[in-house]
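Thank you for making time for this short talk.

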Amino acid sequence: MESPDYRLILLHGLNFLDSLFTLFVTAYGISEANPIMRFSLQYGAMPFLILKFTVVAVAIEFLNTYLKGRSRHIFTLLLAVMSAVVCWHVFGIFLTAKYA
């Protein structure tokens with residue numbers, strides 16, 4: 001039995017955190033940078049969450065299915081990018097709270 005690639009689990013977890021932070025900051029009037037996600041937010045939190053989770057999950061599973069060998073290092077890069085996005089949210093929330 002093949003051991004699970006924990007990077008995939010972490011990517012899903014970071015996507016979840018990104019979603020929660022996005023909902024939090026948009027509630028305070030900060031605009032979503034991604035135009036597709038910004039459009040889905042016009043219809044409420046549930047359509048946004050459904051679209052975000054579906055798109056990211058399908059993309060991750062597609063890459064997981066078709067990438068083999070060294071090309072799977074892309075998951076490490078994706079983890080770095082998603083980690084940076086979540087850190088950016090935390091930093092922004094901290095600054096907003098500190099100077100509000």
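This is a predicted model: local features need pLDDT of at least 70, side-chain atom pairs count only at pLDDT 80 or more; totals for chains, interfaces and linings use all residues.

Leucine 67 sits in the loop between H3 and H4, and, if we do not count residues up to four places away in sequence, leucine 67 touches Arg72 and Ile74, with contact meaning heavy atoms within 4.5 Å.

Residues are numbered from 1 along each chain as its sequence is written, and side-chain values use heavy atoms, with hydrogens and water left out.

Now to the chain as a whole. The chain has four helices and zero strands, and its pattern along the sequence reads α-α-α-α; here helices (H or I, at least four residues) and strands (E, at least two) are DSSP runs, numbered from the N terminus. The C-alpha trace spans about 50 × 30 × 20 Å along its principal axes, and of the 100 residues, 24% count as buried. If we take the contacts between residues at least 6 apart in sequence, 68% of them join residues at least 24 apart.

How do the helices H1 and H4 cross? Their axes come within 9 Å and cross at roughly 25°, where axes are lines fitted to C-alpha atoms, for helices over the stretch in contact, and angles run from 0 to 180 degrees between N-to-C directions. H1 and H4 are therefore roughly parallel to each other, since angles under 35 degrees count as roughly parallel, over 145 as roughly antiparallel, 65 to 115 as roughly perpendicular, and the rest as oblique. The residues of the contact between H1 and H4 divide into 16 nonpolar, five polar and two charged, with Ala, Val, Leu, Ile, Met, Phe, Trp, Tyr, Cys and Pro counting as nonpolar, Asp, Glu, Lys and Arg as charged, and the others, Gly among them, as polar.

The second pair is H1, residues 6–27, and H3, residues 45–66, whose axes come within 11 Å and cross at roughly 160°. That makes H1 roughly antiparallel to H3, and by class their contact has 11 nonpolar, five polar and three charged residues.

Leaving aside neighbours within four places in sequence, aspartate 18 is in contact with Lys52, Met82, Val85, Val86 and His89.

Finally, which residues make up the largest nonpolar core? There are eight in all, Leu8, Leu11, Leu14, Ile60, Phe75, Leu79, Met82 and Val86, and a nonpolar core is a set of buried Ala, Val, Leu, Ile, Met, Phe, Trp, Tyr and Cys residues joined through side-chain atoms within 4.5 Å. H1 and helix H4 (74–99) are the elements that give two or more residues to this core, and the largest share, four residues, comes from H4. Leucine 79, for its part, touches Arg7, Leu10, Leu11 and Leu14, again not counting residues up to four places away in sequence.

Conventions. Buried means under 20% relative accessible area, exposed over 50%, partly exposed in between (1.4 Å probe, protein chains only).
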